[in-house]
Amino acid sequence: MTTAAAFVDVPECWVCGGAAFSPVHQAHFDLSRYAEQDAELAAYTGATVTLHRCRACGFSQPSALPALPRYFDRMYDQRWSDDWIVTEHEARYKDRIFADILATLRRRLPRGRTLIDIGAHAGRFLRLAREQGWSGEGLELNPKTAAYAAKMSGSPVHQGSIHGFTPQGCYDAVTLTDVLEHIPEPLSVLTRARSFLCPGGCVAIKVPNGDAQRIKETLRPMLRPSYRASVADNLVHVNHFSAPSLRRALEAAGFHDVTVVAAMPEFPDGARVDRLVRDVMFRVSRALPGGASLPIAFNLQAYGRA
């Protein structure tokens, strides 16, 4: 690890408490765009930190974290334009993911009515959930996207973090879609999410498959020699789950009836060949027993019951 900025070692696995690791990646920091907004944050530019894999459970995490107070909150204090937020709300590239989650929640919770979406972003999932009969709320760290999500979904969206939010009641479902990989110490997040649920309620978690993403990032330079793997840069992805470690994390947080499968991929507009390849890999990995552990399962979808 080479930097003038301070780091704090992380000696134990956040999922199982293990202390034996194998290095898998070197994460780089480039926060120069924050030079005027947050000079202390920008000072981490040029730093590196090792991402290593727990030998006991297969979860990967950084060997150290920035010592800067509220590092992650400050990094995610992004000044998005109004036009960008509108575009994010209208974009359909995650609609099949959202539909898959809502369909599974309806099967698991045939009488479920209330949910909270942690990391509500621009509110598209909340809008779609409301159209399907859910009474939804959101929780979103960024104040601009929180306000827009509330406006467009017609649902209450609370501005803040999962650790600072106290609900007025309980929910039938809690959703975290592409959120858990961004928050250190994931067991504390999952435990907090479980506390939001009514008895018998369900959590739905979507995260990247850390093992499959690393394989993909390793192979890409063979096709494009100038490419450098950046999946963990700035510790944007601070948690890297395998299918077994995601199951273990949910069970350690007190969930039961846990299921981990290959997640529906994003389908960006255009690029028909790319969309076809994504669809085929998803269908194969979702259909096969143990398919969530295949290297073509680039994302994981998990459910657990409180």
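Predicted model: local features only at pLDDT ≥ 70, side-chain atom pairs only at ≥ 80, totals over all residues.
Because Phe29 sits in the loop between strand 2 (21-28) and helix 1 (39-42), while Tyr71 belongs to helix 2 (residues 71-75), the contact ties together parts of the chain that are 42 residues apart in sequence.

Tyr71 also pairs with Tyr44: their ring centres are 5.9 Å apart and their planes at 65 degrees, so this pair too is edge-to-face. Tyr44 is found in the loop between helix 1 and strand 3 (48-54), and its pairing with Tyr71 in helix 2 therefore links parts that are 27 residues apart in sequence. Tyr44 counts as buried, at 3% relative accessibility. Phe29, Tyr44 and Tyr71 are members of one aromatic cluster that also includes Phe7 and Phe72, and the structure as a whole holds 10 aromatic pairs.

The link of Cys170 and Cys198 is right-handed, with 90 degrees about the S-S bond. Since Cys170 lies in the loop between strand 8 (157-159) and strand 9 (171-177), and Cys198 in strand 10 (residues 197-208), the pair ties together parts that are 28 residues apart in sequence.

Which cysteine has the sulfur closest to that of Cys54? It is Cys16, but the separation of 3.5 Å is too far for a bond, given that a disulfide requires sulfur atoms within 2.5 Å. Cys54 is buried, with a relative accessible area of 1%. Cys57 is in no disulfide either, the nearest cysteine sulfur being that of Cys13, 3.6 Å away, and Cys57 is buried with a relative accessible area of 10%.

In strand 12 (residues 299-305), 7 of the 7 residues are buried, so the strand is largely enclosed by the rest of the structure. Asn299, Gln301, Tyr303 and Arg305 point one way from strand 12, while Leu300, Ala302 and Gly304 point the other way, and all of these residues are buried.

Strand 12 pairs with strand 10 in the antiparallel sense over 7 bridges, and with strand 11 (residues 256-262), also in the antiparallel sense, over 5 bridges. Tyr303 takes part in both pairings, as the bridge partner of Ala204 and as the bridge partner of Thr259.

## An enclosed cavity

The structure holds 1 cavity of 30 Å³ or more, and the largest cavity has a volume of about 40 Å³. The residues that line the largest cavity are Glu181, Pro208, Gly210, Gln213, Val231, His237, Asn239, His240 and Phe241. Sorted by class, this lining comprises 3 nonpolar, 5 polar and 1 charged residues.

Methods
Residues numbered from 1 in each chain as written. Heavy atoms only, no water. 1 Å grid on protein atoms, 1.4 Å probe; cavity = no way out; pocket = protein on both sides within 12 Å on 5 of 7 lines; lining within 4 Å. Points joined across faces, edges and corners; volume = space filled by probe spheres on them. Nonpolar A, V, L, I, M, F, W, Y, C, P; charged D, E, K, R; others polar. Helix = DSSP H or I, 4+ residues; strand = E, 2+ residues; numbered from the N terminus. Buried < 20%, exposed > 50% of the residue type's maximum accessible area, 1.4 Å probe, protein only. Pairing = 2+ DSSP bridges. Phe/Tyr/Trp six-rings, centres within 6.5 Å; stacked < 30°, edge-to-face > 60°.
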